[in-house]
Amino acid sequence: MGAHPLDSLTGEEFSRTAAILTREHGIDAGWRYASIMLQEPPKAVVKAWREGDPIVRRAFAVLWNKQSNEVYEAVVDLTGDVVESWTHVPGVTPNFTLDEYHDVDHAMKVHDDVAAALARRGIHDMDAVLFDVWTYGGAVLPAQWRDRRLGWVDIWMRAMPGGNPYAHPVSGLKIIVDMNTLEVLEIEDDHDDGFPEVDGEYVPELRGTEPRTDLRPLEVVQPEGVSFEIDGSRIRWQNWEFRVGFNYREGPVIYQVSFDDAGSRRDVAYRLSFAEMIVPYRDSSFDHYRRTAYDIGEWGLGYMCTSLELCCDCLGEIRYLDAVLPDTAGRPWTIANAVCLHEEDNAVLWKHVDPDTGAEVRRQRRFVLSAHATVANYEYLVYWRFYQDGNIECEVRATGIMVSTPMAQDDDSSLTGTTIDRRTYAPFHQHFLIARLDLDIDGERNTLVESDSVPAPVSSSNPLGLDLHTAGTIVESEAESGRTYSWERQRTWKMTNPGKLNAWGSPVAYKLVPSASIPAMFDESSPILTRNPVIGSTLWVTRHHDTEMWPAGDYPTQSVDDSHNGMSAWIADDESLLDEDLVLWYVFGIHHITRVEDWPIMPADTVSFWLKPFGFFDRNPSLDAPRPADHCTPTGSAEHHGHEQHDHH
């Protein structure tokens with residue numbers, strides 16, 4: 001059992017959840033678990049809990065009957081050894097699972113009709129074929145199979161053993177499959193553009209090349225060990241303290257973030273995570289019109305996290321956390337080294353050179369929590385970074401392999417993609433990430449202020465037009481919730497606590513500094529936007545409710561819209577947002593106009609946003625950072641190359 005109410009479920013608790021449901025409801029091999037995760041206690045209960053208080057552990061499970069396709073939600077009281085609730089949820093489709101992904105690949109490889117369709121294209125070695133199943137969105141779901149758990153299958157082929165399958169799509173051929181029975185419902189054979197001779201391998205041995213050898217070793221060492229402490233799920237580093245959880249849908253979750261301000265522990269955030277990732281491909285051709293992925297809601301970021309390796313994924317003095325998740329039978333399995341914890345140097349924190357007293361400089365140290373997820377052809381690398389000056393940065397790097405597409409023999413370009421190889425293009429697409437930021441700035445009674453920079457007009461008091469003002473707009477209710485980034489006004493958003501003032505009379509605050517704020521660029525009538533209107537604004541703010549977790553809906557798989565559950569439903573009652581417990585939903589990402597340089601494997605594309613204290617402290621909170629000489633022993637060498645230095649007065 002967990003030592004804290006927010007500790008993630010253990011392997012033993014997953015097994016007990018399945019055993020209790022088998023005992024109480026006869027769950028057998030005819031059922032599948034889409035998910036089991038901690039049923040987090042209400043926020044008010046967690047915040048009132050004190051060490052030593054009793055803890056009631058609950059699991060929340062979603063499962064379905066493969067024969068009837070009926071979906072049930074169960075809450076299991078693990079402390080009391082009883083099923084607390086068992087609820088039929090009609091008209092929804094739960095997330096797909098890794099077990100199903102592999103089941104489809106295997107079933108298609110031994111299916112006679114599939115083999116025949118591939119043979120007509122000259123493909124006979126089924127071991128070289130990758131069947132990559134995708135979920136359906138409601139806008140393109142075939143009406144005759146709307147009541148089924150439906151998948152559509154992309155087909156790729158390796159040119160050689162161990163080769164890159166995504167370099168060789170079997171264009172124009174898709175398979176529609178019933179995920180419960182693995183029945184092939186239809187083989188869609190639209191066109192055959194063949195296999196262009198592409199330079200699609202990225203592994204040196206397959207390219208016939210050798211990596212360069214002129215890089216000398218770069219080592220990160222901490223001979224006295226790390227400066228952070230791990231106590232169960234609790235992490236302490238410098239003035240920061242928080243807890244780390246993990247679940248199938250969000251992957252890593254950061255709880256109860258606080259900062260020790262001269263002996264006073266002050267709340268910053270209750271819960272930080274990713275709530276959705278939506279990737280629409282902006283190409284309506286046969287190969288791509290169904291390709292809009294909800295990677296968190298339709299699959300689960302946690303399910304797709306991978307084990308990290310020292311010196312490859314992480315560098316330095318590393319501490320790892322394993323993640324335990326359930327399979328579709330409710331049995332636990334472990335992702336070893338799923339989360340990496342470490343410190344890293346980040347150049348200069350602050351510096352000034354005084355002509356009389358000399359230089360004062362502080363090196364910047366940051367604490368990093370990271371996890372990597374492989375989503376079919378793409379990798380998403382997630383980094384949460386905590387800084388000595390009170391900043392929190394969230395960075396996401398996208399790498400992996402772009403979806404490639406052959407062009408017809410008489411085509412040499414595409415309007416909806418970039419030509420990246422011989423008769424091959426990569427379609428344009430977008431990656432929308434939605435961060436769920438449950439901030440508690442010195443407590444729960446917060447108000448959001450939209451802050452714009454506004455130049456003052458030329459006047460007698462401002463003859464040179466130099467004056468620059470900031471204008472604040474209070475977001476008063478949920479009807480005003482959807483906010484859009486403005487580059488012209490250098491817009492930021494401040495989560496303030498009007499009831500707590502700093503030493504200079506201003507409400508304490510943290511500001512969200514947006515970057516990579518990409519527009520949706522959909523026609524208002526598009527069913528894609530109807531299905532996920534949350535991507536239509538840069539920022540949403542809602543009143544906190546324990547049940548409001550997934551802005552594109554609890555069950556986005558095969559969804560049509562979010563009017564019954566999701567952001568549209570949440571803001572419909574227009575609750576007040578003044579001095580309330582608020583949650584921010586920040587939409588950011590990558591507007592991927594594909595490049596030749598992204599092929600055959602994509603260098604990491606990096607986006608991020610920051611949470612920065614804005615009057616939260618009375619002064620620079622990193623004044624206590626140590627001088628380099630206090631903790632640094634030079635071990636390297638410095639070379640002088642004769643650059644002259646000049647004094648500028």
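Predicted model: local features only at pLDDT ≥ 70, side-chain atom pairs only at ≥ 80, totals over all residues.
I then turned to residues 94–190, which the unreviewed UniProt entry lists as "domain: Copper amine oxidase N3-terminal". For this span I noted 21% helix and 28% strand, with the end C-alpha atoms lying 30 Å apart.

**N95**

I looked up N95, which lies in the loop between β4 (82–88) and α3, and found that N95 is buried, with a relative accessible area of 5%. The side chain of N95 reaches the backbone oxygen of A34 at 3.1 Å. Leaving aside neighbours within four places in sequence, I listed the contacts of N95, among them S35, E100, R149, Y248, W299 and T557.

**Helix α4**

Which residues of α4 are buried? In this helix, residues 112–119, I found V114, A117 and L118 to be buried. They are on the same side of α4, because they cover an arc of only 95° around the axis. This recalls the general rule that an α-helix has 3.6 residues a turn, so residues three or four places apart point the same way. I next asked what the buried residues of α4 pack against; the partners are α3 (98–109) and the strands β5 (129–135), β6 (150–157), β7 (173–178) and β8 (184–189).

**Nonpolar cores**

L118 came up again when I looked at the largest nonpolar core, which has 114 residues and in which L118, F131, V257, W384, L437 and F609 are those with the most contacts. Apart from this core lies another, of 22 residues, including Y294, I434, I528 and W540. I set beside these the general remark that in soluble globular proteins nonpolar side chains tend to be buried together.

**Y586**

I found Y586 in strand β29 (residues 582–592) and, at 0% relative accessibility, counted Y586 as buried. The C-alpha atoms of Y586 and I434 are separated by 5.4 Å, although the two residues are 152 residues apart along the chain. What does the side chain of Y586 reach at 2.8 Å? I found the backbone oxygen of S515 there, and I also noted a polar contact of 3.0 Å that joins the side chains of Y586 and S517. Beyond four places in sequence, the residues that Y586 touches include L433, I434, A435, L437, L512, P514, T538, L539 and F609.

**Cysteines**

How many disulfides does a search of the whole structure find? It finds zero. I checked C312, whose sulfur is 6.8 Å from the closest cysteine sulfur, in C311, and therefore too far for a bond. C312 counts as exposed, at 61% relative accessibility, whereas C314 is buried, with a relative accessible area of 3%.

**Backbone exceptions**

As background I recalled that most residues other than glycine have a negative phi, and most peptide bonds are trans.

I found that A262, in the loop between β12 (251–261) and β13 (264–280), has a positive phi near 55°, and that A262 counts as exposed at 83% relative accessibility. R423, in the loop between β21 (417–421) and β22 (424–427), has a positive phi of about 50° although R423 is not a glycine; R423 is buried, with a relative accessible area of 18%.

Last, I noted a cis peptide bond that joins W599 and P600, with omega about 5°, and placed P600 in the loop between β29 and β30 (602–613).

Methods: Residues numbered from 1 in each chain as written. Heavy atoms only, no water. Buried < 20%, exposed > 50% of the residue type's maximum accessible area, 1.4 Å probe, protein only. Helix = DSSP H or I, 4+ residues; strand = E, 2+ residues; numbered from the N terminus. Arc of directions from axis to C-beta. Contact = heavy atoms within 4.5 Å. Disulfide = S-S within 2.5 Å. Polar contact = N/O pair within 3.5 Å; in protein donor to acceptor, adjacent residues only side chain to side chain. Core = buried A, V, L, I, M, F, W, Y, C linked by side-chain atoms within 4.5 Å. UniProt positions renumbered as here; feature names shortened; annotations may be inferred.
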